[in-house]
Amino acid sequence: MKFNRRLVFICGGSDCKKAGSKRIRKELKEAATEGGLKGHCKFFQTKCMDMCKSAPVVIVDGYFCKKADMKSVAEQIKKA
Ligand code: FES
């Protein structure tokens, strides 16, 4: 049996917050409850991951989305 749920780690450190990780998290949660990502992912907020120069940082099943935006993260969730 294949496990279809993606684990998405969103950095909640100060640099990523300034770069928009809060907004990405909010949009992803909305997409997961009523949009196309419904039932496909589980979100976790992390502390700083020491990659602040690439903020905002989002990890989708082990793939690092550097300078992430909603579009790149959604693509990675669907691809993985
Ligand atoms: S604040 Fe996100 S990697 Fe440092």
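**A loop serine to start**

Colleague: Which residues is Ser-54 in contact with, leaving aside its neighbours within four places in sequence?

Modeller: Ser-54 is in contact with Lys-66 and Lys-67, once neighbours within four places in sequence are set aside. Contact means heavy atoms within 4.5 Å. Before we go on: this is a predicted model, where local features need pLDDT of at least 70 and side-chain atom pairs count only at pLDDT 80 or more, while totals for chains, interfaces and linings use all residues. Residues are numbered from 1 along each chain as its sequence is written, and side-chain values use heavy atoms, with hydrogens and water left out.

Colleague: Where is Ser-54 found? And is it buried or exposed?

Modeller: Ser-54 is in the loop between E2 and E3. It counts as buried because its relative accessibility is 17%; buried means under 20% relative accessible area, exposed over 50%, and partly exposed in between, with a 1.4 Å probe and protein chains only. The E and H names are DSSP runs numbered from the N terminus: helices are H or I with at least four residues, strands are E with at least two.

Colleague: OK, the sheet. What order do the strands have?

Modeller: The order is E2-E1-E3-E4, in an open sheet of 4 strands with mixed pairing. The edge strands are E2 (41-46) and E4 (63-65), each pairing on one side only. Two strands pair if DSSP finds at least two bridges between them.

Colleague: How many bridges join E1 to E3?

Modeller: 3 bridges, between E1 (residues 6-11) and E3 (residues 58-60), and the two run antiparallel. Ile-10 stands opposite Val-58 in E3.

Colleague: Which helix packs on the sheet?

Modeller: Helix H3 (residues 70-79), which touches E1, E2, E3 and E4. Its direction makes about 15° with that of E3. Axes are lines fitted to C-alpha atoms, for helices over the stretch in contact, and angles run from 0 to 180 degrees between N-to-C directions.

Colleague: And at what angle do H2 and H3 pack?

Modeller: About 45°, with their axes 10 Å apart. So H2 is oblique to H3: under 35 degrees is roughly parallel, over 145 roughly antiparallel, 65 to 115 roughly perpendicular, and the rest oblique. Ile-24, Glu-27, Leu-28 and Ala-31 of H2 make the contact with Met-70, Val-73 and Ile-77 of H3.

Colleague: Which residues does Ser-21 touch, not counting those up to four places away in sequence?

Modeller: Ile-10, Cys-11, Cys-16 and Pro-56. Ser-21 lies in H2 (residues 21-34) and counts as buried, at 3% relative accessibility.
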